[in-house]
Amino acid sequence: MYFSGNGAVEQSLRIDKLTKRYAVKDAAGPIVALDAISLTVGKGEFIAILGPSGCGKSTLLHIIAGLVSADGSVVAHGKTVAGPGFDRGLVFQDYALFPWRTVLENVAFGLEIKKVPANAREPIAREHIAAVGLAGFEHRYPSQLSGGMKQRAAIARALAYDPEVLLMDEPFAALDAQCREILQGELLRIWEKTGKTVVFVTHSIEEAVFLAQRVVVMTARPGRIKQVVDIDLPAGRAAGDVRSSPQFAALRHLIWELLAEEVDKTAEGFLARPAPEARTRRSLFGLLSAAVSREGG
Amino acid sequence: MRALALRFLVVAVLVGAWELLPRAAIVNANFLTPASVVADSLWRQIASGEIDRHVLVSLERILYGLGLSVIIGVPLGLATGSFKTFDGAVDAPLQAGRQVSAIALFPVFILFFGIGEMSKVMIILWASVWPVILNTTAGVKGIDPILIRSARSMNAKGVTLFRKVILPAAAPSIFTGIRLGAAYAFMVLVAAEMIGANAGLGFLVLHSQEIFKIPEMYAAIVALALLGLAFNKLLLLIEHSATAWRDAAGH
Ligand SMILES: Nc1ncnc2c1ncn2[C@@H]1O[C@H](COP(=O)(O)OP(=O)(O)OP(=O)(O)O)[C@@H](O)[C@H]1O
Ligand SMILES: [Mg+2]
């Protein structure tokens, strides 16, 4: 196991021997999505998770968010995770905004659930909308927004109810390069300002190196932690042109090599294993029964 | 513009035929009253307020029957759409039930509830509840699971999850079911009002025929059609204001 040197820092997340198996009908045995993942994330830390497609990154985030159960344990701020909670906020890859709610109403959703009084909700929501640069679009519906704007709205929604940990699942994957860079900068700014812990899943090595303090590289399925790379780039990355520095290039290359081995593995076994798209969309039934069974706990 | 002109043309030809066929004695004018005479009869009944009572009684039956359908059908559909075991348990009776014609059950309802209002409301309920249940179920099953996950990640659960996510997400489909239910409700309303009623547009149709007031009979039939159209329009208005976000998306 590899831990970077912030043992003394207050812990935000402690993930211990997390294993997730999916029972799949037409497969011989269960699919092992995650295999004994252990990881500690310090308070206020920004970590990125990189790994080949299908290695279980989304699964890991969803387990931390309390949406999916697994063997092993996740402890968030000293409390074992048994379900979703306001201490963790998840930003989905495909926004997952509610199409029947305006930006303002979407951002206020978590506040409603948190039972923040109605008159206090709007100013909080507006503040977060402004923070992601969406002021003036409060009354637009998601269908009236561009991809980048939807992503901003989704980030504002997760920030609004003030979770201590922000879990982000490839949030910028669908955006064009320019929009991506702008949002990366804004995310760093928000992170520096709020001091939140961020767990950021991405496919982009650049993005991981640019944003994170540590990059967790995962193996191809079954997902294990291959290596955790410390990113010791100068602070205040948002301002300077870090991307073209030699340290940046060296780190990018190191991670690239780590990943290449894993991606090769995936390619070799490509015909033998189901394509990543083959994962079954969990039915609403499953989600609701999970929601209901969680109620008890 | 041309489409509109065409629509007018079609209506004009139909009404023209209705007017001219009896006038030219191609169809017996005692059986088919010319359109203008029917319009005149309808207008007089509206002006004198004679028809009000019948419209109100019919509307009341529709509102009770359809209202009950919504009260019963929407929660039932939400449950069958959400809970697989429940869906499996009630699927057979639901499939069988919707095959049983409401008209066929009318004698049964009369047996249980007498000849009065109750049995009429029941037959309307029976006819209109199935599309409400089925469309609500389909609406819930069609919700993108990501939206549920998204809500759950923000700690929404139980009744709140239903009220704030499942219901609005399934709303378009639920409204379709209600409008379909309303169409069925109007169909069986007439049948129900032909048995043991002394008011209502269906009664007026049959009664006018019995006392050989054929123009009044046609006037009542036209009134039924107009009422049905107006009711559908009203439901559409409610639907549009409740799902305004869809218009924003340019649907
Ligand atoms: N509900 C499920 N049922 C069965 N298998 C699943 C389910 N969800 C995920 N899997 C499988 O678990 C593995 C990990 O999936 P996951 O979505 O976490 O991967 P990922 O690393 O996020 O991939 P990507 O980079 O493509 O988003 C995949 O092989 C997938 O097929
Ligand atoms: Mg993923």
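Is Arg23(B) buried or exposed? Arg23(B) has a relative accessible area of 51% and is exposed (buried is under 20%, exposed over 50%, partly exposed in between, with a 1.4 Å probe and protein chains only).

The model is predicted: local features need pLDDT of at least 70, side-chain atom pairs count only at pLDDT 80 or more, and totals for chains, interfaces and linings use all residues. Residues are numbered from 1 along each chain as its sequence is written, chains are lettered from A and ligands numbered from 1 in the order written, and side-chain values use heavy atoms, without hydrogens and water.

| Pair | Closest N to O |
|---|---|
| Asp40(B) and Arg44(B) | 3.4 Å |
| Arg61(B) and Glu117(B) | 2.7 Å |

Arg61(B) in helix α3 and Glu117(B) in helix α6 are 56 residues apart. Arg61(B) is buried at 3% relative accessible area, while Glu117(B) is partly exposed at 41%. Glu19(B) is buried at 17%.

Between the chains, 34 residues of chain B contact 37 residues of chain A (heavy atoms within 4.5 Å). The two chains bury about 3200 Å², 70% of it on carbon and sulfur atoms (accessible area, 1.4 Å probe, lost on being put together and summed over both). On the chain B side, Arg149(B), Arg152(B) and Met154(B) lose the most area, together 26% of what that side buries. One salt bridge is counted between the chains: Glu112(A) pairs with Lys164(B) at 2.6 Å.

Technical notes: A salt bridge is a side-chain nitrogen of Lys or Arg within 4 Å of a carboxyl oxygen of Asp or Glu. Helices (H or I, at least four residues) and strands (E, at least two) are DSSP runs, numbered from the N terminus.
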